[in-house]
Amino acid sequence: MSTDTDIDSDVNDARERLIELAAEFYDQFADGEVPSMSIPTRTKSNIEYDEDSRVWVYGDRHSTRSANSVRGARKLLKAIYTIDFLAEQLGEDRSSTLRELYYLSESWENEEAQFNDQDESNQLIEDLEIVSEVTREDLHMRPEESGATLMGALELREQTRRGERVIHCQEDVGEGGYQIPNNPDTIEFLDCDAEFILCVETGGMRDRLVENGFDEDSNALIVHLKGQPARATRRITKRLHDELDLPVTVFTDGDPWSYRIFGSVAYGSIKSAHLSEYLATPEAQFVGIQPTDIVEYELPTDPLSDSDVNALENELEDPRFQTDYWREQIELQLEIGKKAEQQALASRGLDFVTDTYLPERLDEMGVL
């Protein structure tokens, strides 16, 4: 974990990198060049699966933000105002949310520098992350609270504005668990008796597992993903795997969108491909509802929609799902035309998921 001195150093390094970035624009002016900023094109067509690291990364295609057009000049102007704001924020050791940045821009005296919507300000922060090589967290920018939590036999030390505090993620928290902070790199893992991580998509299933004592009985760290997981959730999961050598399993609904939730935990996402090696855990294993489970357990289902079918067909071409297992499961799902939620397991009893389903699946995978 970072000490106060380390944290101060990280803040100074981040601020210095922003100032260097602004100085690059100035130097371009001084040399008689049109100011510009080059960043990887953040589209699906420019995402590549890196076989060595087994995560999604950006390809070679780049986009240029250049002042040689009115539109490009506006983008650079907004970047400069945002750099100034971030440098000042870091200098004062303060933080803000992405939403606050959008509204704060309305107070900037140059109306051309103000953001049209939050998507624009969010994208600019991502641009600055890439070109400055400083993460959003180190720029002291926070998303709105994700509320993702962790429950299990883990003791950690957390750095807060009120000083350090030591927390046991079973004994010192309520049924809601330990809330994962925006920047998990401020956490130090002190002791852990858990044997594996179970990332759970839905709140209802997370609550069922905790109520049934699955975290205690199976020595599991239960991480609530809250749907598509936030960066902080993926980061703490990766750290727990890398530093404590804990296997990672992902328990989701049985539909194409949930398979992509697994994919984002294991391989990264398009929006954060520049941070895949920082966020993704390629060793993660899927323990969610399978199409074979739908058939074997005769689970309650919903029919696949046209968008579901299209997503499944795309996944058959997705490098992340190019294994015999995934091809078999996806082709079966297209054949039966059905999908099922995690909670459908309750049709066989409230304890079925913790007494039978998960123990059998995890045993087959060599986790339990």
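Helices here are DSSP runs of H or I covering at least four residues, numbered from the N terminus. The model on screen is predicted.

**Stop 1: Val11 and helix H1**

Select residues 4-30, which make up helix H1, and pick out Val11 within that helix. Val11 has a relative accessible area of 9%, so it falls under the 20% cut-off and counts as buried. Then draw a distance from the C-alpha atom of Val11 to that of Leu312. The two residues are 301 residues apart along the chain, and the C-alpha atoms are separated by 44 Å.

**Stop 2: Ser121 in helix H4**

Move to helix H4, residues 118-132, and select Ser121, which sits in this helix. Is Ser121 buried or exposed? Its relative accessible area is 1%, so Ser121 is buried. With neighbours within four places in sequence left aside, Ser121 is in contact with Leu98, Leu101, Tyr102 and Phe115.

**Stop 3: the largest cavity**

To show its lining, select Met37, Arg65, Lys75, Lys78, Phe115, Glu120, Gln123, Leu124 and Asp127. Helices H2 and H4 each give at least two residues to this lining, and H4 gives the largest share, with 4 residues. Coloured by class, the lining of the largest cavity shows 3 nonpolar, 1 polar and 5 charged residues.

**Stop 4: the second largest pocket**

Next, go to the second largest pocket, which holds about 230 Å³ of space. Its lining consists of Tyr81, Asp84, Phe85, Glu88, Gln89, Glu92, Arg94, Ser95, Ser96, Glu100, Leu104 and Trp108. Helix H2 (70-91) and helix H3 (98-104) are the elements that supply two or more of these residues. The most comes from H2, with 5 residues. By class, this lining has 4 nonpolar, 3 polar and 5 charged residues.

**Stop 5**

Most residues other than glycine have a negative phi. Two residues to check against that rule follow.

- Glu133 lies in the loop between helix H4 and strand S6 (141-142). Its phi is positive, about 60°, although Glu133 is not a glycine. Its relative accessibility is 72%, so Glu133 counts as exposed.
- Asp245 lies in the loop between helix H7 (231-244) and strand S14 (248-251). Asp245 is not a glycine either, and its phi is positive at about 60°. With a relative accessible area of 66%, Asp245 is exposed.

**Stop 6: helix H5 and what covers it**

Select residues 203-211 for helix H5. Which residues of H5 are buried? They are Met205, Arg206, Arg208, Leu209 and Val210. After H5 comes Gly213, with a positive phi near 75°.

**Stop 7**

In soluble globular proteins, nonpolar side chains tend to be buried together. The largest nonpolar core in this model has 68 residues, of which Leu150, Leu198, Leu209, Phe214, Phe251, Phe262 and Leu358 touch the most other members. Helix H8 (residues 256-267) contributes the largest share of this core, 6 residues. Apart from this core lies another, of 26 residues, including Ala14, Ile83, Tyr102 and Phe115.

Centre the view on Leu150. Not counting residues up to four places away in sequence, Leu150 touches Cys169, Gly177, Tyr178, Ile180, Leu221, Ile222, Val223, Ile236 and Leu240.

**Stop 8: the S8-S9 hairpin**

Finish with strand S8 (residues 154-160) and strand S9 (residues 163-168), which run antiparallel and are joined by 6 bridges. The two strands form a hairpin, with 2 residues between them.

Conventions: Residues numbered from 1 in each chain as written. Predicted model: local features only at pLDDT ≥ 70, side-chain atom pairs only at ≥ 80, totals over all residues. Heavy atoms only, no water. Buried < 20%, exposed > 50% of the residue type's maximum accessible area, 1.4 Å probe, protein only. Contact = heavy atoms within 4.5 Å. 1 Å grid on protein atoms, 1.4 Å probe; cavity = no way out; pocket = protein on both sides within 12 Å on 5 of 7 lines; lining within 4 Å. Points joined across faces, edges and corners; volume = space filled by probe spheres on them. Nonpolar A, V, L, I, M, F, W, Y, C, P; charged D, E, K, R; others polar. Pairing = 2+ DSSP bridges. Core = buried A, V, L, I, M, F, W, Y, C linked by side-chain atoms within 4.5 Å.
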